Amino acid sequence: MNLVWFKKDLRTYDNEALNAALETRNLIPTFVIEPEAWKLPDHSSRQWEFIREFLIDLNNSLNDIGLKLIIRAGNIKDVIKEFTERFHVKDIQVNVCGERIKHEST
C-alpha cells in the first residue's frame, strides 16, 4: 500500500508522487491538517478557506479516477504511524518543492 501525502501540491495533474503511486493502483491519498502549523502567525482564516477550496477540487479530481481523499487532523508523524499500522503502508510519496520524495516504511 502507498500513502500519497498531499502537503502543498494539491492537484492531480502532473503530480509526480501521485503518478508514481498510481502505477500500483494500491494507494491512499491523504491530506493532514497540522494544528500546530495553523497556529503560526503566517496562517490565517482566509488562507484556510483557500486551502479548503483546493481540497474540494482535489477530492473531485481524485473521485474522477476512482479515489477518495482522506483528510486527518493531527501530528503528521502520528497520522503516518496510524496509517502504516492500519493499512500496512509500505511507501510514502510526497511532493516537496516540486520534487517527489519517496520513503519506504520499515
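Let's start with a hole: the structure holds 1 cavity of 30 Å³ or more. A cavity here is a set of points, on a 1 Å grid over the protein atoms alone, where a 1.4 Å probe fits but cannot get out. Keep in mind that this is a predicted model, where local features need pLDDT of at least 70, side-chain atom pairs count only at pLDDT 80 or more, and totals for chains, interfaces and linings use all residues. Residues are numbered from 1 along each chain as its sequence is written, and side-chain values use heavy atoms, with hydrogens and water left out.

The largest cavity has about 40 Å³ of space in it, a volume being the space filled by probe spheres set on the grid points, which are joined across faces, edges and corners. Its lining is made of V4, W5, F6, K7, D9, N15, A17, Q93, V94 and N95; a lining residue has an atom within 4 Å of a point. Two or more of these residues come from each of β1 (2-5) and β4 (91-96), and β4 gives the most, with 3 residues. Strands like these are DSSP runs (E, at least two residues), as are helices (H or I, at least four), numbered from the N terminus. Sorted by type, the lining has 5 nonpolar, 3 polar and 2 charged residues. In this sorting Ala, Val, Leu, Ile, Met, Phe, Trp, Tyr, Cys and Pro are nonpolar, Asp, Glu, Lys and Arg are charged, and the others, Gly among them, are polar.

Now follow β1. In a regular strand the side chains alternate between the two faces of the sheet. Both faces of β1 are covered, with N2 and V4 buried on one side and L3 and W5 buried on the other (buried is under 20% relative accessible area, exposed over 50%, partly exposed in between, with a 1.4 Å probe and protein chains only).

β1 has parallel partners. It pairs with β2 (residues 27-33) over 4 bridges, where V4 has P29 as its bridge partner. Another 4 bridges join β1 to β4, with N2 partnered by D91. Pairing takes at least two DSSP bridges between the strands. Together with helix α1 (residues 16-22), β1 and β2 make a right-handed β-α-β unit: with the strands pointing away from the viewer, the path from the first strand over the helix to the second runs clockwise.

Finally, two loops. Most residues other than glycine have a negative phi. D14, in the loop between β1 and α1, has a positive phi near 55° and is partly exposed at 48%. H88, in the loop between α4 (76-87) and β4, also has a positive phi, about 55°, and counts as exposed at 54%.

Technical notes:
1 Å grid on protein atoms, 1.4 Å probe; cavity = no way out; pocket = protein on both sides within 12 Å on 5 of 7 lines; lining within 4 Å.
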